[in-house]
Amino acid sequence: MATEEIRVRGTVQGVGFRPTVYRLAKACGLSGDVCNDGEGVLIRVSGSEEALTEFVARLQTECPPLAIINQLTRVIYKGEFKFDNFVISTSISNAIKTEITPDAATCPQCQKEIFDPFSRFFRYPFTNCTHCGPRLSIIRAIPYDRCNTSMSAFVMCPECAKEYHDVENRRFHAQPVACHVCGPTAWLERADGKSVTASMFSMLDDVDAVCTLLQKGEIVAIKGLGGIHLACDATQENVVQKLRQRKKRYHKPFALMARDIEIIEQYCIVNAKEKELLTSSAAPIVLLQASDKKQLASSVASGQSTLGFMLPYTPLHHLILRRMNRPIVLTSGNLADEPQCIDNEEAREKLGTIADYFLFHNREIINRVDDSVVRVLDDKVQTIRRARGYAPASISLPPGFNKIPQILAMGSELKNTFCLLREGEAILSQHLGDLENAAAFNAYQKTLNLYLNLFEHQPEIIAIDKHPEYLSSKLGKELADTNKIPIHQIQHHHAHIAACMAENGIALDSPPVLGIALDGLGYGNDGTLWGGEFLLADYRKFQRLARFKPVAMIGGEQAIYQPWRNTYAQLIAANFWDDCQEQYADLEIVKFLNKKPLKLLNQLIEKKINSPPASSVGRLFDAVAAAIGIYREECSYEGQAAIALEAIVDVNSLNNDKETLIYPFSFSFSDSIYCIDPRPMWQALLDDLQQQIPQPVIAAKFHKGLANAIVEMVQHLSKKNLINQVVLTGGVFQNCILLEQVTKQLQALGIKVLTHNLVPANDGGLSLGQAVIAAAQLIHEC
């Protein structure tokens with residue numbers, strides 16, 4: 001007989017792990033106990049060597065659906081052993097090293113029960129079990145026990161308590177377990193304060209009535225899992241437009257929800273990998289290629305070639321959509337760029353002028369969790385926004401990061417996440433939005449404090465972006481000063497590259513990679529704005545080898561939202577404006593620009609007044625889009641023009657290898673750095689405009705030319721530096737066409753290409769890069 005202590009770390013709490021341990025221990029004839037504690041799950045077990053070996057093997061192969069074992073260790077147990085049977089013991093509170101499970105979509109068994117008239121969970125909107133339901137959104141503290149969640153307000157009825165304590169039941173120790181008798185309830189309200197009864201609609205209940213309201217063209221605010229959404233019928237143009245006007249979200253595409261895959265397939269092309277994502281426990285929004293079969297309201301996603309669809313991920317949503325044979329818009333319940341509402345009273349105050357009705361419930365949302373957004377490219381998943389279903393599951397770090405102190409990385413200004421680093425793993429927060437919005441910044445601070453408390457994280461180092469005006473950086477400095485903690489300032493694009501390296505498992509001591517970081521902008525080591533960078537980088541340091549030609553951002557931030565400013569700045573930088581007046585005076589873009597206060601703009605550029613030079617590829621996309629007439633005057637969000645430019649690309653031109661269908665770029669070397677200059681591209685583009693070449697063909701020629709220029713620069717740099725791996729990162733590489741073109745060409749040259757999968761290529765992944773760079777620098781110093 002042998003007696004062992006088995007420690008299991010990973011996502012092992014709140015996922016039915018202990019019942020699985022219990023069942024397997026019984027099957028193997030073992031005695032002992034299992035309990036949750038701050039590190040994960042602790043098992044003390046006694047039996048024959050053969051039985052113990054079988055037990056451990058089955059524990060890993062028969063793991064519950066939501067569980068993830070990161071580490072399993074076995075040691076001889078030397079303490080007092082008083083067990084003659086196998087039992088589940090009470091949780092132990094100690095140092096927090098375990099993980100919090102992400103919220104999980106309704107499992108098939110629970111789906112079946114809510115539509116079964118003979119089930120006690122029939123039409124219950126909060127049905128769940130250990131395989132599904134709320135986790136992060138309701139937790140206040142670890143261990144993940146009911147008393148540490150917002151379900152502590154609801155006392156289990158005898159029936160629920162019986163299932164909760166029955167080790168053979170699917171709801172054994174499912175902390176949010178509840179039913180019609182004892183659990184949360186949902187109700188319908190009118191935004192104008194008048195009373196509502198389900199009898200008004202002859203429906204089953206208030207939840208069912210929401211479907212009728214949506215079909216009638218009403219806008220309904222629905223309190224869901226991690227926040228409140230605004231919903232309407234996605235096929236009624238006047239209703240979608242009304243929602244846009246009320247919400248003040250004039251152009252950004254709306255997310256969609258449909259009852260099942262069959263409905264989604266009426267509007268989109270869905271492959272096997274995309275179906276797998278849609279039906280997974282994470283249930284993210286999946287960006288899908290729109291088809292010509294059936295059309296939604298045109299303003300759902302104008303200027304887009306893709307639609308963002310998700311399936312119902314809570315019983316509430318399943319019940320609402322039961323009779324809905326068409327998609328609905330399901331967008332975050334907020335005004336403009338504010339955080340999503342999570343509180344009933346807050347929603348009444350802020351959404352009362354947007355929604356016609358509210359569907360509320362009385363289960364408190366502790367943590368705001370937006371919907372995740374992913375897409376599939378070449379059968380690989382790419383994360384655009386990491387939130388519900390994925391956060392805060394940890395990311396295992398590469399070799400070399402096993403023994404590191406606790407590090408806090410504060411993230412970026414836009415698309416913010418923060419990151420907690422501890423031994424061998426990174427805990428990335430859910431997407432927290434743009435911190436320039438005061439409400440978002442307040443929510444960021446609240447969520448940060450919650451995570452630090454949940455994980456008992458006491459950072460010994462704080463990592464921030466170098467930009468002096470980022471609110472996340474300012475807060476990081478305050479925390480460092482207050483707590484006497486060393487601070488590491490990390491260059492923006494180095495962080496992008498390091499994040500991609502880390503998620504691809506590149507070891508700490510690996511040789512440098514060539515990182516190509518293309519985005520809107522980031523603060524450079526020389527105090528200028530970067531955004532089109534070729535960096536020879538490892539985790540500790542980098543060398544800037546090449547860049548795109550810096551061009552003035554006329555008016556600073558205004559250039560992000562008025563693309564024509566970038567067109568004019570590009571033409572001035574290329575010394576083309578005088579030629580434009582002579583050779584291209586009849587072009588629409590030249591006439592348009594001539595109506596602008598050019599003398600004033602020239603003075604701003606010459607005197608460098610609020611017109612900083614930036615090597616931004618994001619702004620180059622904006623400039624090209626505006627030149628050919630796409631969102632020329634104004635954009636309502638960053639990257640809108642670039643996304644629309646990608647959406648119109650002519651596929652035939654893209655797949656044609658003729659050199660005449662590729663715009664040229666030139667290359668130069670000065671100040672010890674190589675430079676990609678778009679000047680020849682501009683002359684060719686203006687010639688095409690004069691020849692009235694269609695927009696889609698010009699868009700294709702630009703994408704191909706840009707990809708070729710990037711690859712040519714890599715080839716040139718490879719001759720002078722030992723490069724066998726290239727990292728593609730930054731928000732610009734969310735452009736599928738550019739990413740595919742560059743990747744295929746580099747792979748054809750025998751170069752290994754690393755791209756993002758687990759974390760976004762945009763600033764949502766920046767905090768991971770900040771954290772691993774700070775860790776690597778500290779290890780190097782030691």
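Modeller: The largest nonpolar core has 80 residues, and the members that touch the most others are Phe-534, Trp-682, Leu-685, Phe-702 and Leu-738. By nonpolar core I mean a set of buried Ala, Val, Leu, Ile, Met, Phe, Trp, Tyr and Cys residues joined through side-chain atoms within 4.5 Å; buried is under 20% relative accessible area, exposed is over 50%, and partly exposed is in between, using a 1.4 Å probe and protein chains only. Helices here are DSSP runs of H or I with at least four residues, numbered from the N terminus.

Before going further, a caution: this is a predicted model, where local features need pLDDT of at least 70 and side-chain atom pairs count only at pLDDT 80 or more, while totals for chains, interfaces and linings use all residues. Numbering runs from 1 along each chain as its sequence is written, and side-chain values use heavy atoms, with hydrogens and water left out.

Take Leu-738 from that list. Leaving aside residues up to four places away in sequence, Leu-738 touches Leu-518, Phe-621, His-703, Leu-706, Ala-707, Ile-710, Val-732 and Phe-733, where contact means heavy atoms within 4.5 Å.

Now look at Leu-620, which sits in helix H19 (residues 617-627). Leu-620 is buried, at 2% relative accessible area.

The axes of H15 (residues 564-573) and H19 come within 7 Å and cross at roughly 100°; axes are lines fitted to C-alpha atoms, for helices over the stretch in contact, with angles from 0 to 180 degrees between N-to-C directions. So H15 is roughly perpendicular to H19, a label that covers 65 to 115 degrees. H15 brings Trp-564, Asn-566, Thr-567 and Gln-570, while H19 brings Arg-619, Leu-620, Asp-622, Ala-623, Ala-626 and Ala-627.

One cysteine check while we're here: Cys-675 is buried too, with a relative accessible area of 8%. Its sulfur is 20 Å from the closest cysteine sulfur, in Cys-580, so that is too far for a bond. A disulfide needs two cysteine sulfur atoms within 2.5 Å, and a search of the whole structure finds zero.

Technical notes
Helices (H or I, at least four residues) and strands (E, at least two) are DSSP runs, numbered from the N terminus. Angles under 35 degrees count as roughly parallel, over 145 as roughly antiparallel, 65 to 115 as roughly perpendicular and the rest as oblique.
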